[in-house]
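Me: I am new to this structure and would like to learn how to read its cavities. Could you walk me through them?

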Amino acid sequence: MDTRTTKSRLGLKDRYAAMTRGLGWQTTYQPMDKVFPYDRYEGIKIHDWDKWEDPFRLTMDAYWKYQGEKEKKLYAVIDAFQQNNGFLGITDARYVNALKVFIDGVTPLEYNAHRGFAHVGRHFTGAGTRVACQMQSIDELRHYQTETHSISTYNKFFSGMHHANHWHDRVWYLSVPKSFFEDAMTAGPFEFLTAISYSFEYLLTNLLFVPFMSGAAYNGDMSTVTFGFSAQSDESRHMTLGIESIKFMLEQDPGNVPIVQRWMDKWFWRAYRVLTLVSMMMDYMLPKRVMSWKEAWEIYAEQNGGALFRDLARYGIREPKGWRDACEGKNHISHQTWNVFYGYSGATALHTWVPKDDEMAWLSAKYPESFDRLYRPRLEYYRERQRQGRRFYNKTLPMLCTTCQIPMIFTEPGDPTKICYRESDYLGDKYHFCSDHCKEIFDHEPEKYVQSWLPVHQIYQGNCFPPGTDPTRPGFDPMAAVLDYYALEDGRDNLDFEGSEDQKNFATWRGLSQRN
């Protein structure tokens, strides 16, 4: 009788190889160049796809197991939060406006990331890279769903969250994050990885997730904290994909270095401009603050990013061109952004307000070089106008930067009293920019950025009115028509927090819960 033998189990490395590279093959019916055409036209040269390494060596069966366990824990917390009216435990109804920024501006980006990684996961020749991108595509779809579910309890009680996807495609300030991802998704696969996996995920994601989730915890929002922790374990893999993609390209061919450097310059600045929304949220929208934007930048950008650039220097990579301007801007961008939102809150899906005295004292302590000198006087002027019943609303439309699509609110490097303004001419038209770096991005690819869907231009062209609108009729109110197009309910979804339904309802609900 033959002796029964047991098959030895594959080790982690061999199993990972079998479940990634082992699933790939050389095509014969069509040449490989035709099956995978997109990973060559950017000029990136890859000589050995097997050099791609995934330190996590995650296979699909393990992936589903880990994610399933996280889902059970997450939805148990969400369910408990909803059943116990956990929203009544937040510090102040003003905090909900930070969630509005997140659900309207960030959550749709998760879905765009899902689409983007699904696309590039099809178009890389290397099987290991394709598998990593496809897993991240599933991650991003899961994040979109869990973020929506976690915040959904607030949608039952507060305004400004019920049309997130509709607003993301139409409302003026949401064109900033939307244009960032559409810019990345219309690039080639390697540039997409540099834009999302490296610049956004590896270099700057901690500036988004860590302060935001810490702020949620400080303000009593355990539902948001839990989905943040659930997503953050995925983000560690995404950050690894980001740095691995950069090092893989740099190690494959010396000719890749200048291409990657240009992409790093571009996408660092594009991502930095998107994070202006986060800076405003950290410094102005959290009733109980964790840290200032300046402190977060120094920890998660200057310290961590500085170490990264020193590591990449051996490949011939330097820090991004906009790095020093971004480091100088840490003293200013949150205040400049809040000012524009305060003035234009008649056309936003959130409420704004003038900070209280103790909050201004906090800002003064955190920004000793800039707040009292440059920004406190303006806020005090707004407060005085509101006391007189003349709350300031900006009734004009601002000039937008063609590249980042943010209004021209940022100041010159080295002179925070002067608005930074740059322009370029292309095919007989003039284009405006908020910085040297946005101008340089445009000048390198003008044929792409002349197609920018700029909200202010679209309003002036009559493209932001509901179908059938007649702008020539007597008494036509263009702002009311734009709000109809946005599907914003004037006075409920927008305007000042003082006297809003959110403020009144929350005070009533909390009072009833305390009496009971």
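This is a predicted model: local features need pLDDT of at least 70, side-chain atom pairs count only at pLDDT 80 or more; totals for chains, interfaces and linings use all residues.

Me: How many cavities of 30 Å³ or more does the structure hold?

Reply: A cavity is a space where a 1.4 Å probe fits but cannot get out. In this model there are 7 cavities of 30 Å³ or more. The largest cavity holds about 220 Å³ of space.

Me: Which residues lie nearest the centre of the largest cavity?

Reply: Look for Arg273, Asp325, Thr411, Glu412 and Pro413, which lie nearest the centre among the 19 residues of the lining. Two or more lining residues come from each of helix 10 (256-274), helix 13 (323-329), helix 14 (333-343), strand 1 (411-412) and helix 17 (436-444).

Me: What classes of residue make up the lining of the largest cavity?

Reply: Sorted by class, this lining has 8 nonpolar, 6 polar and 5 charged residues.

Me: Now the next one. What volume does the second largest cavity have, and which residues lie nearest its centre?

Reply: Its volume is about 150 Å³. The second largest cavity has 14 lining residues, with Asp54, Phe56, Ala132, Arg237 and Leu241 nearest the centre.

Me: Which element gives the most to the lining of the second largest cavity?

Reply: The elements giving two or more residues to this lining are helix 5 (127-155) and helix 9 (222-252). Helix 9 gives the most, with 5 residues. By class, the lining of the second largest cavity has 7 nonpolar, 3 polar and 4 charged residues.

Methods:
Residues are numbered from 1 along each chain as its sequence is written. Side-chain values use heavy atoms; hydrogens and water are left out. On a 1 Å grid over the protein atoms alone, a cavity is a set of points where a 1.4 Å probe fits but cannot get out, and a pocket is an open set with protein on both sides within 12 Å along at least five of seven lines; lining residues have an atom within 4 Å of a point. Grid points are joined across faces, edges and corners, and a volume is the space filled by probe spheres set on the points. Helices (H or I, at least four residues) and strands (E, at least two) are DSSP runs, numbered from the N terminus. Ala, Val, Leu, Ile, Met, Phe, Trp, Tyr, Cys and Pro count as nonpolar, Asp, Glu, Lys and Arg as charged, and the others, Gly among them, as polar.
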